There are 4 protein chains.
Amino acid sequence: MTSVHPDFRGVVPPLVTPLNEDGSFDRDSYKRLIDKLIDAGCHGLFVLGSSGEVVFSTDARRKEIIEAAIEFNAGRVPVIVGCIDTETNRVIEHAKVAKELGADAIVVTAPFYALQGMEEVERHFRLIHEAVDLPLFAYDIPVCVHTKLPHSLLVKLGTEGVLAGVKDSSGDDVSFRFLVQDNERAGHPLTILTGHEVVVDGAYLSGADGCVPGLGNIDPEGYVRQWNAYQAGDWDTVKSEQDRLADIMRIVFAPTDLQGFGAGVGSFKTALMLQGVFNSNTMPAPVRTQSGDAVDKIAEILRANNVL
Amino acid sequence: MTSVHPDFRGVVPPLVTPLNEDGSFDRDSYKRLIDKLIDAGCHGLFVLGSSGEVVFSTDARRKEIIEAAIEFNAGRVPVIVGCIDTETNRVIEHAKVAKELGADAIVVTAPFYALQGMEEVERHFRLIHEAVDLPLFAYDIPVCVHTKLPHSLLVKLGTEGVLAGVKDSSGDDVSFRFLVQDNERAGHPLTILTGHEVVVDGAYLSGADGCVPGLGNIDPEGYVRQWNAYQAGDWDTVKSEQDRLADIMRIVFAPTDLQGFGAGVGSFKTALMLQGVFNSNTMPAPVRTQSGDAVDKIAEILRANNVL
Amino acid sequence: MTSVHPDFRGVVPPLVTPLNEDGSFDRDSYKRLIDKLIDAGCHGLFVLGSSGEVVFSTDARRKEIIEAAIEFNAGRVPVIVGCIDTETNRVIEHAKVAKELGADAIVVTAPFYALQGMEEVERHFRLIHEAVDLPLFAYDIPVCVHTKLPHSLLVKLGTEGVLAGVKDSSGDDVSFRFLVQDNERAGHPLTILTGHEVVVDGAYLSGADGCVPGLGNIDPEGYVRQWNAYQAGDWDTVKSEQDRLADIMRIVFAPTDLQGFGAGVGSFKTALMLQGVFNSNTMPAPVRTQSGDAVDKIAEILRANNVL
Amino acid sequence: MTSVHPDFRGVVPPLVTPLNEDGSFDRDSYKRLIDKLIDAGCHGLFVLGSSGEVVFSTDARRKEIIEAAIEFNAGRVPVIVGCIDTETNRVIEHAKVAKELGADAIVVTAPFYALQGMEEVERHFRLIHEAVDLPLFAYDIPVCVHTKLPHSLLVKLGTEGVLAGVKDSSGDDVSFRFLVQDNERAGHPLTILTGHEVVVDGAYLSGADGCVPGLGNIDPEGYVRQWNAYQAGDWDTVKSEQDRLADIMRIVFAPTDLQGFGAGVGSFKTALMLQGVFNSNTMPAPVRTQSGDAVDKIAEILRANNVL
């Protein structure tokens, strides 16, 4: 298994963004999170991903977050920055800022909101690649952008040097298998990372180059142990670590009166607060912050799995 | 039929945005378009709607467009500005800019990209209303944001003074009927505009307060005649104008190799170029600009309907 | 407005199917319903439509229902029979039974369950037309079969004599407008009926040949008065009847703990029971039968609109 | 890993149904297929699944197929029969026929076509279980029925003895992981089989009890070797067999002018014809039978993988 971009392989958690109770960005908590992740052996940081509340963040806030990530990382691991916005020109603006602030790579989705064809999607990635000289990851996340990136298009753009990698949150493990196979045959131009923290083991069996697990904010050690086992060919450990991590993931079912982002990322924030990493589990507007029973249930799950 | 916001009733076309061939904003063409619409008797201008390429426009571009609209309109009719972005805080930023530049009202969709529940959608509108003192229209466009706004929620927010109106592009004429009925019974707090240029007559039968027809860029006189007939209770004219306008709308089927925004708004731009209103039919990245057969077919349709 | 199949124009309610409390077919109630509809002036009967619980009915039950409809109708108005099933050969079986039992026309959806392309959909209608010599209506109901029938395909099949008509429950009023226009230009080969009982007025403005309103089971007189006004060009009455009917339609919101078929058709059955037409509002397995508050609320709505 | 229904574990291919060129059922080819599968070591036969063209088959045809399967199997392995139809009573009819003809278990989807809530889905399975005394598998196939079965509901119905197992074709590997975990904790009441032939290895890592691979019709030996490796804990072989099988699966991309069932099951039929198992690759109406380039390309892929 060789790769043109070996630097982005391994466990690359998408950082959850801590907020103070007044909604401002909490730099101290962010520093603690970054140190926690790197100390645990993570191989990179993915900043401003979907769970990093990129679409909730104004341009000024995005800049604050990137600056803090670059500063606190201090060159220890690669920093990949999500440049998520509706259409090409808006994405290019974010990408230029990310480059200026020191990002090592950028992550971009298909265009969204306006209806388009695959021809436009392809041109979108080409134009961004031409405009900004940084390794470009395609972020395949149809649940948010309502376009599935075909594996054949991804490998074509990888072979031509437009894309450096793929962050797959498509939920389509069949397509993922074909993507990895096609990429292998093309000489492995793409670094392929899975975003599905509950089935990273299956993605590794398929040949993934790494993972971007939201749950990695809570238990980075687990994902690092799993990665090391994967590298060593120890599939039993890959599986048993996954079973344990899947168990911790049940924190997202704790709040019964929230759904989507408020349940998922909300539970990650609550867990990080309980772990003493975040000062607060405050959510960005318009999402309600978790409280009461959900918090107790999350604490119980964390304790039962020895991550509290 | 009385309304708290009578100023926004009538024909309010969503302005298509002209670009120069290099992608820059073409102010001269925009001036011609605005004069054309107001001269035809339109009752308001909707700037930076979906067909006004709001999601393709950077913040600087959005500002350019709003400034030009305010300047060229010169106070003749109300100017409604689309503040379309993913989540609350980003929308509030756009809304504050719109207010500062002189907008008379703002239009806002449900949050998109991140998955949420209806509780968050409701809070989203409340927070924007609290943050920016301008009449607030809810933009119901599930095909783009993947959330349908329930008519009961809209009327509730209207009654409480959070919403001033609704721009309905939901494609759900059943729900539209219930919305209008409920609004009437609540004392008509909402000004309800339909965005479906092909069936404005049906929306008028349901009791709509006006329309926001993309095709109004091409034939504003038709929609104004239809509105006047509606006000006079002359349903036969309402229908016959609609039949004619539906015919012109077939320009969007002219390009056989484009879909979505490139076919729809692309054909509007081509028509405006053929009419001499726009200098160019250039589309924003990553959308391909129409050429060849599609242009000829559009010219033919316009000519057959006496709008060229 | 001329039509190859004038017999199917007008108000053609989709008959709700009465069940005894043990789930057996209640012939007596069915006779009362058929007499009620024909006495009110309805122009045809649509038997075994979606709201006639066709997909809940075994083949034996379907036969019972068709036989009863033919017998009780006694040749007074045309009887159109829904032959709804997954794929071509199964549909043809139902169609042959319908013909044998005396149906005047059959109604068929696109194939469903198996994934297919539009080529297969077209062949499906052609094969059914070849196999059974009865006027064939295409039933456009994407919410159930997850395929939208393109208006161009429908008019093509009408022109070739494959289709005699369309029952449109697509919820797409824009496409409906184009369908009616194209049909008109092709010489009106198709009889086009709308299934959207809440916006029949808009469909009439678009030029529909009639309606298939589920709510017509409850208030057929209203739809017949509306039809007569439409024929006389009296649009104000068309609209005012519709406003009243839309009000009655709110019975479907009465049950707060049911959704889909149980709320919609369930409320029709409850209303028919309250009106003394049906002995029971029993629903087919696995749907729960309405009771309690919902029944009271429905009675109240019926009374407020003078249909109880 | 223990199971209440050990008989249904392992490799249980969903049999493709051979047709003669006139569309009649080809018993001889079916016999060859069954012998091929059992000789290869398959542990069971799944008759009349989605790829066994159950929804294309009339009741008479379904009976023919079940009878042939029971006869040709001659008691060698368990025979599971798909009883796929729209709603409860229709399913129960099929289930009674299946039992009478000698099925060992039945497979049932959520109700489809009519819109419903989860309460009805649950009652559907309960009523079928009460009506027919055979082990009942829930078939989770949202792409066809547009309802996803929640893992919590499945485990609850397993624990209560309503369901004996699950055939998962949901494409949701995250939910699958939770299903397997919950089932394990509940004492393994359900036999859980995956239908995703391209990622069976990942499902085995998650703890699946077996697979129902359509591609198993073409290369049953591969899936049996993989199963044996799984039982032996030899994950490298589990993975390498899967990589090879995923390669063969690319036959479904061979026809470029077909989609869905015509491409997928069509390619399986073509492969079986090329292998000499089927006399013909004839498809059921309204699906077009493959020919020309697609056949050549499929032959090439089979040859390259030593299954021709």
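Predicted model: local features only at pLDDT ≥ 70, side-chain atom pairs only at ≥ 80, totals over all residues.
The same surface serves both copies, since 100% of the contact residues of chain C recur in chain B.

Chain C contains an open sheet of 8 strands with parallel pairing, in the order 1-8-7-6-5-4-3-2. Its edges are strand 1 (10–11) and strand 2 (45–47), each of which pairs on one side only. Strand 2 of chain C is joined to strand 3 (residues 79–82) of chain C by 3 bridges in the parallel sense; C:Ile80 in strand 3 is the bridge partner of C:Phe46. Elsewhere on chain C, helix 4 (residues 118–131) lies across strand 4 (105–109) and strand 5 (136–140), and runs at about 155 degrees to strand 4.

In chain B, helix 3 (residues 88–101) consists of 14 residues and reaches 20 Å from its first C-alpha to its last, close to the 20 Å expected at 1.5 Å a residue. Its buried residues are B:Thr88, B:Arg90, B:Val91, B:Ile92, B:His94, B:Ala95, B:Ala98 and B:Leu101. Within chain B these buried residues pack against helix 2 (59–73), strand 3 (79–82), strand 4 (105–109) and helix 4 (118–131), and in chain A against helix 2 (59–73) and helix 3 (88–101). Just after helix 3 of chain B, a positive phi of about 110 degrees is found at B:Gly102.

Notes:
Residues numbered from 1 in each chain as written. Chains lettered and ligands numbered in written order. Heavy atoms only, no water. Pairing = 2+ DSSP bridges. Helix = DSSP H or I, 4+ residues; strand = E, 2+ residues; numbered from the N terminus. Contact = heavy atoms within 4.5 Å. Axes fitted to C-alpha atoms, helices over the stretch in contact; angles between N-to-C directions. Expected span 1.5 Å × (residues − 1). Buried < 20%, exposed > 50% of the residue type's maximum accessible area, 1.4 Å probe, protein only.
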